[in-house]
Amino acid sequence: MTTVRFDPAPAGLKGTLRVPPDKSISHRSAIFAAMAPEPVRVRNYLDAADTNSTLAAVEKVGALVERRGGGELVIRGTGLREPHPADGPIDVGNAGTLMRLLPGWLAAQPGQRWTFDGDSSIRRRPVDRIADPLRQMGATIEATNERFPPFTLHGAELRGIEYVMPVASAQVKSCVLIAGMNTAEPTTVVEPAPSRDHTERMLAAAGVPITRDGVRVTVGRVDELGLDHVDVPGDASSAAFWVAAAVLVPGSRIVLEDVNVNWTRTGFLRIVERMGGIVLGDLEPHGAFTPGEPVSELDVAHGPLRGTTVDAEEVPLAIDELPLVALLGCFAEGETVVRGAQELKVKESDRIATVVDGLGALGADIEATDDGFVVRGTGGLRGGRIGSHGDHRLAMLGAIAGLASREGVEVDGMEAAAVSYPGFTADLATLLAR
Ligand SMILES: O=C(O)C1=C[C@@H](OP(=O)(O)O)[C@@H](O)[C@H](O)C1
Ligand SMILES: C=C(OP(=O)(O)O)C(=O)O
């Protein structure tokens with residue numbers, strides 16, 4: 001385990017940065033390319049542990065991945081109905097998105113079966129949320145204690161369903177929509193609240209009939225995907241760490257280029273603005289990456305914050321950034337409340353417990369609730385020691401807390417950042433350099 005110390009940054013963080021490619025869109029580009037009949041060129045694919053697990057997984061079911069360097073890949077898929085049998089379990093590593101999206105495709109392959117497994121964190125993450133709809137469609141899934149990996153999926157001829165999702169989850173929605181490309185009848189997913197829509201955008205770009213009517217998304221059967229290339233934009237969730245750093249550390253001014261500003265991913269930026277944080281870059285897209293993902297430049301500077309409340313409907317739009325909302329709350333005037341965020345308990349760690357314990361140990365006045373947390377701003381943070389619990393977002397939260405703290409923070413398990421952001425400490429060094 002690697003321990004890294006992050007000291008206060010008295011002169012602030014300054015400079016321009018290109019954040020890593022988006023993790024969600026990278027996962028989807030590899031899975032869609034694997035289902036396509038013609039080669040798909042992917043530019044700016046994320047080179048990180050989670051998305052490398054996805055490349056290995058699609059190779060295991062028959063795709064050929066040519067790594068051209070500089071984030072460029074050419075993926076030759078098998079077509080929608082010809083994935084290969086795998087010799088041994090598909091290892092999803094730490095990646096929940098991979099574990100929940102790939103079965104949507106494989107469930108529609110009659111007479112075939114695959115086993116999925118991953119690391120100790122993935123073995124605590126529920127698969128019943130995809131097993132329920134896939135069973136209704138006709139597939140069979142045998143999971144440990146009915147709920148957890150490892151699990152075995154038996155493909156079948158699937159039928160179209162209307163699935164009312166009990167939780168707002170882009171992963172579950174995506175799994176069902178991907179399966180829906182192979183069902184005789186149309187398949188509809190009803191979301192309790194909007195969540196990230198990268199899958200819908202990629203389906204539309206690939207020529208799949210997909211319609212949205214409010215919270216209902218319907219996909220129709222296709223014989224093949226017409227996807228030619230994907231350009232992956234910068235990851236709004238990785239950018240969020242630098243947005244928080246710039247807002248919290250006096251003297252900072254950071255410009256982030258080519259960040260995905262898809263509305264379903266910018267909930268955190270709206271929360272920051274509500275708290276009084278200065279995000280100068282407008283959230284209007286300045287360009288679009290293929291397929292249909294808006295990008296913009298974010299220009300962020302230090303400023304005072306006030307507390308806010310994040311309610312259930314805003315949670316899916318900022319789900320991976322909620323730990324950072326807790327950190328901002330420590331520095332804000334008044335109280336910051338996050339509620340309706342039970343989903344945080346089933347991420348790479350129980351992010352209600354790890355955020356509350358972790359920031360509490362650094363001097364925060366923070367309390368866990370059943371569905372979130374309450375933070376009372378105390379004008380700053382002392383500092384100390386925090387463990388990542390193998391959770392990449394916790395590791396990077398600890399780092400940003402250190403920069404903004406009075407005494408610095410030591411992060412145990414900093415290597416976890418490599419799950420989504422292997423260059424995190426190198427990027428920090430460039431923002432601290434003058
Ligand atoms: O679809 C995706 O790419 C993701 C959806 C979210 O998970 P849920 O769908 O479980 O909320 C998010 O937390 C995860 O980091 C990525
Ligand atoms: C929850 C996350 O990812 P996943 O579900 O893919 O493991 C995350 O990146 O914060």
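**Entry 1: helix α3.** I started with α3 and looked up what its buried residues pack against: α1 (23-35), α2 (49-60), β7 (113-117), α4 (128-137), β9 (148-154) and α5 (170-180). I note here that the model is a predicted one. I then went through α3 residue by residue and found Gly-96, Thr-97, Leu-98, Met-99, Arg-100, Leu-101, Leu-102, Pro-103, Gly-104, Trp-105 and Leu-106 buried. That is 11 of the 11 residues of the helix (residues 96-106), so I put α3 down as largely enclosed by the rest of the structure.

**Entry 2: ligand 1.** I listed the residues around ligand 1 as Ser-24, Thr-97, Ser-169, Ala-170, Gln-171, Ser-174, Arg-196, Ile-319, Asp-320 and Glu-343. By class I have two nonpolar, five polar and three charged residues in this shell. Which element gives the largest share of the shell around ligand 1? I found that α5 does, with three residues. I also checked the domains: domain 1 (3-21 + 234-432) and domain 2 (23-231) both contribute to the shell, so ligand 1 lies between them.

**Entry 3: ligand 2.** Around ligand 2 I found Ala-95, Gly-96, Thr-97, Asp-320, Lys-347, Glu-348, Arg-393 and Ser-420. I sorted this shell into one nonpolar, three polar and four charged residues. Why do I place ligand 2 between domain 1 and domain 2? Both domain 1 (3-21 + 234-432) and domain 2 (23-231) give residues to its shell, so ligand 2 lies between them.

**Entry 4: cross-check.** I went back to Thr-97, which is buried in α3. I have Thr-97 and Asp-320 in the list for ligand 1, and I have Thr-97 and Asp-320 in the list for ligand 2.

Terms used:
Residues are numbered from 1 along each chain as its sequence is written. Chains are lettered from A and ligands numbered from 1 in the order in which they are written. This is a predicted model: local features need pLDDT of at least 70, side-chain atom pairs count only at pLDDT 80 or more; totals for chains, interfaces and linings use all residues. A residue is near a molecule or strand if its C-beta atom, placed from the backbone, lies within 6 Å of it. Ala, Val, Leu, Ile, Met, Phe, Trp, Tyr, Cys and Pro count as nonpolar, Asp, Glu, Lys and Arg as charged, and the others, Gly among them, as polar. Domain bounds come from an automatic or database domain assignment. A residue is buried if 20 or more other C-beta atoms lie within 10 Å of its own, exposed if 12 or fewer, and partly exposed in between; C-beta atoms are placed from the backbone. Helices (H or I, at least four residues) and strands (E, at least two) are DSSP runs, numbered from the N terminus. Two residues are in contact if their C-beta atoms, placed from the backbone, lie within 7 Å.
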